[in-house]
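Hello,

Here is the structure I promised to pass on to you. Please open it first, and then read my notes below alongside it.

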Amino acid sequence: MGTKILISTKVPLSFFLIYLLILGGIFTSATYVYQNQKSTVELDEKNLFVFVSNIKLHQIVTWREKRLSDAKNILANSFIKNGIAEYLKNSNNRAIKSELSGWLKSLALDKNYESISLINNKFKIIFSSKPSENYIGRFATAMARQSLDKNKILLSDFQKETSSGNVLLYLFLPIKAVNNKSGVLIFKINPYAELYPLLQSWPIPTRTAESIMVERIGDSVLSLSPMRRLKNSELSVRLPLSLKDLPAAKYIRGESGIIFGKDYSGNDVVAFGQKVPSTSWYIITKIDTPELFESIKGRSYFVISITLVFIILVTLAFWFLFKKQLSFYQQLLYRSGEDKRILEKHYAYLIKYANDSMFLLNESGNVIFSNERAAQVYGYSQDEFLKLTIKDLRAKSSWHQIEEQMKLAETKGIVFETLHKRKDGSIFPIEVSSRTIEVNGKRYFQSIVRDISERKEAEKKIYELNRTYSFLSDVNQMIVRTQDEKKLFEETCVIAIKRGGFKFAYIGIINKHTGNMEIAAYAGGYVERLDNISFSINDLEKDSVPALTFFNTGSHFICNDIANDKGMEHFRETAVRNNYNSCGVFPVKIDNKIIGTLNLYSEEKYFFNEAEIKLLVEMSGDVSYAVKSLKNEKKRETYEKALLRSWERYKELFESNPNPMWIYDDETLKFINVNKTAINHYGYTKSEFLSMTIKDIRPQEDILQIINFIESTKEDIRTSFNVRHKKKDGTIIYVEVKSNPITVINKQKSRIVSINDITEQKRMIEEVIIAKEKAEEANKPRSVFLGTMSHELRTPLIGILGYSDILLDDLQEPEFIEMVKGIRRGGRRLLNTLNLILDLTRIESDKLEVALKQIDIVEPLTYAFSEFEGAAKEKYLEYSLNILEENLISNIDEHLFIIIMENLINNAIKFTRTGSIRLTAGVNEENKIFVSVRDTGIGIDEKHINIIFQEFRQVSEGINREYQGTGLGLTITEKYIRMLNGNIEVKSKIGEGTLFTITFPRI
């Protein structure tokens, strides 16, 4: 019997387990590699994304702060601000306008402003850098009013112009001036020029990435900037805030960090949003999700393919599997290095086109990255930068600040100014914006550096101008308080050193007896042989003394480079030895005659520029004026001494004056002296008077009034006024006070007062006022009576006139016709009289309604003129109307105006037998409308002109007067003119005629 051997065909369990274990290991390894790569790429892409967003935010904040800084610099520059304020006061000043024009146009061009306009407090453009700019619109008007009311710089939100459809921002700068003159500078900012390009630029090539700005408007999200996929989207696209997946809506609702969602076109995007500080704007940086994760998708395909290959190959041999696994990790290592190079390329593109230098420093302060702009600015190559530290880039004087600034950058970010050093050793000012970023757990310092040399140079010019202006201002303040000529000269020199920035200053005065220039005062550095700077003004060939060089012209002398000026060769050695490089000599004049010089020396070359020279010329003029005033003051003191001697001579007149008189101190208000009449009239003894002030003789309720009045008349002003006084027994009297300034022997400023008791006069005046009021009250029944009678008589009279017209149509006999005509003439005359009386009563009882409206007076004037053409022809008078100007528009009542003209024309025809009547209308020199009626009639005596406007008064009166009438026509005419805010004037001569001229305000 044989042995049976069984060979198992099953795969050994251990081998199978090893096989499964290897497959599991492959799958696990592939999954791990994929997830690790995905996380790394996601983190890198997100960090890059956040970095770009931060740069955009910084650019927008910098852009906005730069605009506000422009406005603040203008307000801080008192010279420019005062020039604008002066132009607001006097827009006809061509010099200021020319200077303002150049400055505004230069600023608009330099700073990329669409336009810069200056408006007044009526919100009308009075000047613009763009000549076509003549209207600012309702929105700009409202913002300008708000800026002016709050006296605050305002930067508007985005606004779309209706006419052009373009988006603009406005910057409003209030300018306050004196005499209620004020205005606003309006800067039109075109975001298409600088802001939108900043948003739309992207550091590396991309198909879908973009940055947009949005704002919440009610329940909507409004686009403030152009969108990549929508044309003309700025201020046009609104999306509901309720959209759950819209990144912009999420950030406005309060979410933060990196967000996945759908953008305005419905695409899946990854976004990072931030609010722009101090605004309602949000900046949203986004990219389509597929583009962001393209590299991850490629890696996933690659990993899957390799995994499948490994599963197939694992069945061939374990050692082959091991080799392939090793090869796989080698490939991953290579891929990792390739990813790093790609990432570096991303960063290179990001910062390549930046306008500012960019650095990335590690925690030790070593430079690990710099952009091309940095190489251009500093002169180092990229490799050289990598060998440098932060100290190598900084000026040595600023090393002590580095540690503190790096700490601030770690906590909250920092923006500061300091000095940097180029490769050639030159030092230049920069502005640094620095903050930290964290990548893979490591912290780096990200710094954006801007060269601010040009800005510092501009600030230096402003400082120099303000320095000279401060010098001028301090000298003017000193002039006000200085009463001594020597002290005036000494303090002027001291201020020149302390505030003007000069190294040496002296004032030379010409000795009028010897003709020599002698030193009156000096301050600052030492000039060799200062005591010997004395020369004759006739010795003009001495170029060694700069003070002589301008005597030929009578103007100032400037030398900005003494060492190289041929005209200064005799003075050069002394100047160089004392380190004087610039000098200016300005004349001190009295009545256009040079009496001395103000000499200023600086250690700076080209110290004097055109603007500073103008201020220094003005300052030397102020010193000249002060010298003249001090000399006049000495004359005044001599005059006051003579006056005091005169006072002693006339002291007895003061004591014996029949009116109360006293002298009191202008500061303490205490009585210094009183005369006998004052003692007798007020009841106080002289010792009591001298222990009192002028407030003690006033009623308690009047004390505040007298204090305010005295404060307003502190200057040497003669005054006369009426007040109430109180006697010792408490009696209140009314007095007329006449007050004059006087200086007594001890130079104490005082006033001498003369009193006239007008208590009795005031009582009589009050009685007259009461009598007048009673008379006016008594006059009311007369007006009522005249009005009632006028109405009662008019009713039957109109019937009589009507019947007379009927009779004239029916009668045939000439005798009866003439009788009826007489009845009609008398009736019309009586009706005219009743109408005048009725009009007068309406005026006196304030029942006349006036309907003012804007009309052209030519038409009603022509109508009134035509009504009297027939009457003028009947008397064979030359009758004409001359209109000198069109559009004679005024705010008047047309009906009353016609009555006025009819009364004046009727009077002219009535009182003119032969000759002419001419009407003229136009505009006078005061821009008022005038209408004149000139006749060649009988004329009026000058002494009777005042009565022609009185009620019921005529030049010839009585029943035997030559010309009939009630005397009310001109009275009513004059009252109507006053009611229409007009005026009437009369010029006349007996036998030559009369000229009536009325005027009304023109609109």
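**Aromatic pairs and what surrounds them**

The structure, which is a predicted model, holds 29 aromatic pairs. A pair of aromatic rings is described by the distance of the centres and the angle of the planes. Take Tyr 682 and Phe 689 as one example: their ring centres are 6.3 Å apart and their planes stand at 75°, an edge-to-face arrangement. Both Tyr 682 and Phe 689 are buried.

Phe 865 and Tyr 879 make another pair. With 4.1 Å between the ring centres and 10° between the planes, the two are stacked, because planes under 30 degrees apart count as stacked. Phe 865 belongs to helix H24 and Tyr 879 to strand E30 (residues 878–883), so this pair ties together parts that are 14 residues apart in sequence. Phe 865 and Tyr 879 are both buried.

Rings can also join up in groups: Phe 359, Tyr 378, Tyr 380, Phe 385 and Phe 428 are linked into a cluster by ring pairs. You will also find charged side chains placed over rings. Arg 67 lies over the face of Tyr 113, 4.8 Å from the ring centre, and Lys 762 lies over the face of Tyr 734, at 5.0 Å from the ring centre.

**The protein as a whole**

Among contacts with a separation of 6 or more, 55% are between residues 24 or more positions apart.

**Helices around H26**

Two packed helices are described by the angle between their axes and the distance between the axes. The crossing of H24 and H26 is right-handed. From H24, the contact takes in Pro 860, Leu 861, Tyr 863, Ala 864, Phe 865 and Glu 867, while H26 brings Glu 894, Phe 897, Ile 898, Met 901, Glu 902 and Ile 905. So the Phe 865 that stacks on Tyr 879 is also part of this helix contact. By class, the contact of H24 with H26 has nine nonpolar residues, three charged and no polar ones.

H26 also meets helix H27 (residues 969–979): their axes come within 10 Å and cross at roughly 145°. Here the crossing is left-handed. On the H26 side the contact is made by Leu 896, Ile 899, Ile 900, Asn 903, Leu 904 and Asn 907, and on the H27 side by Gly 969, Leu 970, Thr 973, Tyr 976 and Ile 977. The contact of H26 with H27 has seven nonpolar and four polar residues, with no charged ones.

**Two residues to look up**

Is Ser 804 buried or exposed? It lies in helix H22 (residues 759–810), and at 3% relative accessibility Ser 804 counts as buried, because the cut-off is under 20%. Beyond its neighbours within four places in sequence, Ser 804 is in contact with Val 820 and Arg 824. Ile 817 is 13 residues away from Ser 804 in sequence, and their C-alpha atoms are 9.6 Å apart.

Asn 722, in strand E26 (residues 719–726), is exposed, with a relative accessible area of 54%. Leaving aside neighbours within four places in sequence, Asn 722 is in contact with Val 735, Glu 736 and Ile 758. Of these, Ile 758 is 36 residues from Asn 722 in sequence, with 8.8 Å from C-alpha to C-alpha.

Most residues other than glycine have a negative phi. Where does the model have a positive value in a residue other than glycine? Ser 278 has a phi near 65° and lies in the loop between strand E11 (268–275) and strand E12 (281–288). At 67% relative accessibility, Ser 278 counts as exposed.

Asn 981 also has a phi near 65°, and this residue sits in the loop between H27 and strand E34 (983–989). Asn 981 is exposed, with a relative accessible area of 52%.

Enjoy looking around, and do write back with any questions.

Notes:
Residues are numbered from 1 along each chain as its sequence is written. This is a predicted model: local features need pLDDT of at least 70, side-chain atom pairs count only at pLDDT 80 or more; totals for chains, interfaces and linings use all residues. Side-chain values use heavy atoms; hydrogens and water are left out. A crossing is left-handed if the near helix is turned anticlockwise from the far one by less than a right angle, and right-handed if clockwise. Helices (H or I, at least four residues) and strands (E, at least two) are DSSP runs, numbered from the N terminus. Contact means heavy atoms within 4.5 Å. Ala, Val, Leu, Ile, Met, Phe, Trp, Tyr, Cys and Pro count as nonpolar, Asp, Glu, Lys and Arg as charged, and the others, Gly among them, as polar. Rings of Phe, Tyr and Trp (its six-membered ring) pair if their centres lie within 6.5 Å; planes under 30 degrees apart count as stacked, over 60 as edge-to-face and the rest as tilted. Buried means under 20% relative accessible area, exposed over 50%, partly exposed in between (1.4 Å probe, protein chains only). A charge sits over a ring if NZ of Lys or CZ of Arg is within 6 Å of the ring centre and within 35 degrees of the ring normal. Axes are lines fitted to C-alpha atoms, for helices over the stretch in contact, and angles run from 0 to 180 degrees between N-to-C directions.
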